[in-house]
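Hi everyone, thanks for making time.

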Amino acid sequence: MNNRSDIKSYTLKELRDILANKNIKPFRANQIFGFVHKKNIRCIDDIPVLSKDLKSKLKECFYIDNIKIAKRYDSKIDDTKKYLFRLRDNNIIESVLMKYKHGNTVCISTQVGCRMGCSFCASTKQGLIRNLTSGEIADQIYKIQSDQDLKISNIVLMGSGEPFDNYENVLKFLDIIHDELGLKIGYRHITLSTCGIVPKIYDFADKKLPVTLSISLHSAIDDDRKKIMPIANKYKLKEIIKACEYYINKTNRRITFEYTLIDAVNDSKKNALEIYELVKGLLCHVNLIPLNSIKESDYSKSNKDNVKRFADVLNQKGISTTVRREMGSDINAACGQLRNNYINQD
Ligand code: SAH
């Protein structure tokens with residue numbers, strides 16, 4: 001009984017193989033997968049098409065993991081909703097639902113905490129607690145869909161955690177969420193954000209999934225980047241850009257560069273010109289994010305004029321650049337901030 005595994009974390013192929021070993025036919029795997037991933041069925045007993053005997057047999061080996069909404073914050077300005085979810089082991093993660101004209105987008109977490117150590121980010125302040133399973137990553141979407149009675153069309157892996165530090169489970173999640181028996185979300189509607197773990201960029205490119213890859217730059221100069229992103233000690237910007245070129249060649253997809261603007265740290269005109277020099281000639285887009293200041297660090301948000309100047313410099317030089325719209329500013333809490341506040345209350 002104790003060795004039971006979570007059905008939600010298996011890809012359809014894995015489930016078929018595991019069930020085949022138990023002499024259960026592949027069409028049963030299809031049915032179970034559909035009920036778990038499309039219909040958000042919460043336990044094996046609730047799968048209507050299975051016989052009592054088969055349910056008992058399945059329950060000996062499997063369970064269906066469900067994350068629970070611990071708290072929801074509703075924006076009164078733009079309908080953005082932030083969720084804190086409680087996991088089976090009582091860990092807490094956060095996700096965000098944003099309603100755009102082009103569809104409902106969720107920003108989901110891939111790890112409990114993070115070990116990347118970026119100095120301006122709240123998610124990493126208590127280090128990495130653990131990786132999320134592929135089922136827990138997907139379940140954030142299922143639980144938001146059923147809570148709001150809507151369909152999610154876009155996913156961004158930009159919540160807590162570094163997706164490439166939980167690579168296998170993230171790949172499984174992508175397979176599950178794209179499966180036509182599940183939510184069937186197109187890869188083009190999924191964005192994966194990484195701080196730039198170079199070997200994984202190559203590996204991911206070789207998978208040739210047309211996912212939008214987003215790279216967190218935050219500086220175009222290695223020595224400056226090292227001051228805010230410890231991962232810069234491991235991988236040089238030159239290596240990251242080479243890996244991005246490889247990704248673009250393999251997938252034909254435009255890369256997004258994220259750049260969090262921090263007052264007097266990386267928001268000068270010179271910094272913008274440095275970014276231009278770094279990314280010119282690449283099929284890319286730059287997304288500027290005015291810093292969401294967190295209480296664990298002294299950084300503050302760039303002022304509006306500096307944000308505008310930064311965007312103007314890049315746009316005038318032909319680099320497509322936008323400033324990320326702030327969603328839910330009345331419930332505004334930076335990545336990981338809601339979770340930290342919630343845990344500290346306990
Ligand atoms: N580990 C991934 C996902 C992180 S969250 C990555 O590094 O890309 C997505 C983006 O939000 C990253 O670019 C991250 O650097 C940025 N971010 C984190 N904390 C922030 C804050 N307080 N204000 C603005 N952007 C922040």
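So, the shell around the ligand: its residues split into 8 nonpolar, 8 polar and 2 charged. Here Ala, Val, Leu, Ile, Met, Phe, Trp, Tyr, Cys and Pro count as nonpolar, Asp, Glu, Lys and Arg as charged, and the others, Gly among them, as polar.

Quick housekeeping: this is a predicted model, where local features need pLDDT of at least 70 and side-chain atom pairs count only at pLDDT 80 or more, while totals for chains, interfaces and linings use all residues. Residues are numbered from 1 along each chain as its sequence is written, and side-chain values use heavy atoms, with hydrogens and water left out.

Back to the ligand. It has 18 residues around it, and the closest are E162, S193, S216, H218 and N292; being around it takes a heavy atom within 4 Å. Two strands, β10 (190-194) and β12 (255-261), each give at least two residues to that shell; strands are DSSP runs of E, at least two residues, numbered from the N terminus.

What lies 2.7 Å from an oxygen atom of the ligand? A polar side-chain atom of H218. On T260, a side-chain N or O atom sits 3.1 Å from a ligand nitrogen.

Most residues other than glycine have a negative phi. K208 is exposed at 52% relative accessible area, and N252 is exposed at 66%, where exposed means over 50% (1.4 Å probe, protein chains only).

Note on methods:
A polar contact is a pair of N or O atoms within 3.5 Å; within protein, one must be able to donate a hydrogen and the other to accept it, and residues adjacent in sequence count only if both atoms are side-chain atoms. Helices (H or I, at least four residues) and strands (E, at least two) are DSSP runs, numbered from the N terminus. Buried means under 20% relative accessible area, exposed over 50%, partly exposed in between (1.4 Å probe, protein chains only).
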